[in-house]
Amino acid sequence: MSYSSSSVTRQSQHQYGKLTYFLSQLTNKQVKLITFFISLLISCIILSHQQPFNVDGLAYLASAKAYINHGIASARGVYDWVAYPLVIAWTAQLTHLSLLHSALLLATLMLSFSTLVYLKLVEELGATRRTLLLAAIVILTYPYLNHYRDNVLRGSGYLLFSLLSISYLIQYAREFRWHKGFAWGLSLCIAILFRVEGILMLAFAPWLILLKPDNTLGFKLKQIIKIYSPFIFFVILLIMLIAFIEPKNLTSLKLSTFQRPFMQFLLLTVNAKHYVDAGILEFSKQYAIAPSSPFLFVRYLGHCLVGFTWKFIATLTPFYLLLSAYALYQKLTRSDWAAKTIILSIILLNVLMLIAYYIQLPFLVSKRYYFLTCILILTFAPFSIDKIYQYWRKPGPKSLLQRVLFPGICLAFIYLTIASLGHFGTSKAYIMEAGNWVKQNIPKSATIIVNKRYHYHRHDFGGRLAYYTQHNTNRIDINTGPNTFSLQEVVRQQSRHNKVTYYVLQVKRNDQHLNKQIAVTFQTSPLNVFKNKKGDKVVIYRYQAKNSRALS
């Protein structure tokens with residue numbers, strides 16, 4: 001027994017030694033390449049869980065479809081900020097994939113390339129090869145990066161090109177080479193095409209050069225002018241691009257394709273008082289506070305700051321927040337003006353912008369708005385882990401904290417890895433399964449009624465369930481409160497126009513009112529039922545008008 005135990009120990013030590021040797025031989029480029037392919041693999045695993053994409057992705061896909069069918073003016077009629085839908089449409093035309101699969105392919109590639117740029121930023125902060133390996137683990141196990149891998153989000157493109165612009169700005173601030181400034185302008189312009197708030201970085205980021213020591217003010221102002229000069233070129237190029245895509249519509253568009261989102265962004269700033277007053281009024285109603293109550297604004301501001309902080313910590317996670325804070329407190333990164341100052345300044349700029357957004361629109365600012373800021377903060381976390389590892393490996397007596405902290409971090413990484421590759425929480429795969437069943441088993445000519453809708457401004461996209469059916473569907477609004485909706489009346493009205501109607505109804509487990517109406521209306525077994533473990537389901541009925549009864 002003793003011999004067997006010692007043999008297993010020697011074998012495990014041998015395997016650990018081989019792994020350590022392999023990792024020690026990797027170059028930085030090899031670390032990045034391996035990270036990129038692991039990122040692609042993680043995306044494939046997450047997509048295999050067959051969870052439905054995000055609801056607002058419906059607007060992007062509908063806009064892309066409108067562009068393919070009718071051109072850019074039609075696409076803009078569906079969704080204002082058309083750059084991302086155009087990229088989806090072009091990808092679909094190039095690869096012959098569906099619009100959804102094209103969008104998911106783009107998300108996979110953009111997030112995987114984002115991991116490479118993240119590693120580049122960690123390198124800029126002075127990472128050794130070991131720190132870079134730890135950075136790869138950090139970014140590959142970061143929960144919210146993996147959470148968005150199966151979503152249709154323009155934020156994926158914004159993240160990639162924003163990080164790229166920051167990397168080029170750091171290099172430009174060190175060397176003042178024109179091509180680095182050109183690359184900064186190009187990447188940031190592309191980022192703005194995905195999300196308009198990138199204009200803040202365009203406006204403020206280059207002025208950080210004024211903070212650089214050891215140069216005269218005149219020299220620094222000259223470098224700022226030099227980095228802005230390509231932007232004029234990009235604007236002219238953009239106008240030519242629009243003219244090339246739709247020359248007939250250039251005059252009628254008057255660049256409104258790009259004007260309107262900018263105007264909405266500016267109005268959010270100009271009308272800040274109006275939005276804040278509306279937020280205070282909503283806050284007073286929600287918490288039953290009199291509008292004339294003293295210090296109402298202070299209470300509202302405190303409420304917003306608490307909500308902002310909670311969302312920020314939840315997105316970054318307390319684990320990574322503590323590690324990043326420790327690296328900054330201990331000054332573990334390289335003493336380099338360009339990388340540290342630019343990254344920290346852009347973090348501060350984004351935090352101030354998010355706070356301003358949150359005070360005006362606290363109910364609309366989701367965690368995805370924090371994404372770029374959190375990724376930038378994560379660039380400091382690997383330096384803390386490296387330092388803690390050094391304490392753990394150091395020979396000699398160690399404190400209890402030094403002995404247990406690094407193994408605890410390893411356990412946290414194991415948990416995050418499992419969380420990244422698995423699916424936790426309530427599964428919504430039943431929505432996709434139901435939609436695919438309808439697509440394969442119900443004729444295209446059939447009348448189909450669904451009860452889930454997604455509205456964007458004046459447009460009704462019918463919900464993800466309707467999208468997966470790939471059928472033309474009619475939508476009904478269902479307010480499940482008592483005495484507000486009669487499914488029987490809907491069926492009666494529909495039966496006057498169609499002999500056979502299919503009802504594809506999405507029902508929450510605790511929606512007793514709708515469950516009761518379905519049972520009373522159809523009084524028979526459904527064609528099929530798709531549900532998750534929680535009890536949320538999609539029921540599919542075939543209703544035939546003859547004899548005014550349901551037929552399975």
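**A buried serine and its helix**

Modeller: Ser39 counts as buried because its relative accessibility is 0%; buried means under 20% relative accessible area, exposed over 50% and partly exposed in between, with a 1.4 Å probe and protein chains only. The model is a predicted one, in which local features need pLDDT of at least 70 and side-chain atom pairs count only at pLDDT 80 or more, while totals for chains, interfaces and linings use all residues. Residues are numbered from 1 along each chain as its sequence is written, and side-chain values use heavy atoms, with hydrogens and water left out.

Ser39 belongs to helix α2; helices are DSSP runs of H or I with at least four residues, strands are runs of E with at least two, and both are numbered from the N terminus. Beyond its neighbours within four places in sequence, Ser39 is in contact with Leu111, Ser112, Thr115, Leu140 and Arg149, where contact means heavy atoms within 4.5 Å.

Along α2, Ser39 is one of the buried residues, which are Val31, Lys32, Thr35, Phe36, Ser39, Leu40, Ile42, Ser43 and Ile46. An α-helix has 3.6 residues a turn, so residues three or four places apart point the same way. The cover over the buried residues of α2 includes α6 (99-124), α7 (129-140), α8 (143-147) and α21 (400-421).

As for length, α2 comprises 20 residues (28-47) and should span 28 Å at 1.5 Å a residue, which agrees with the 29 Å between its end C-alpha atoms; the expected span is 1.5 Å times one less than the number of residues.
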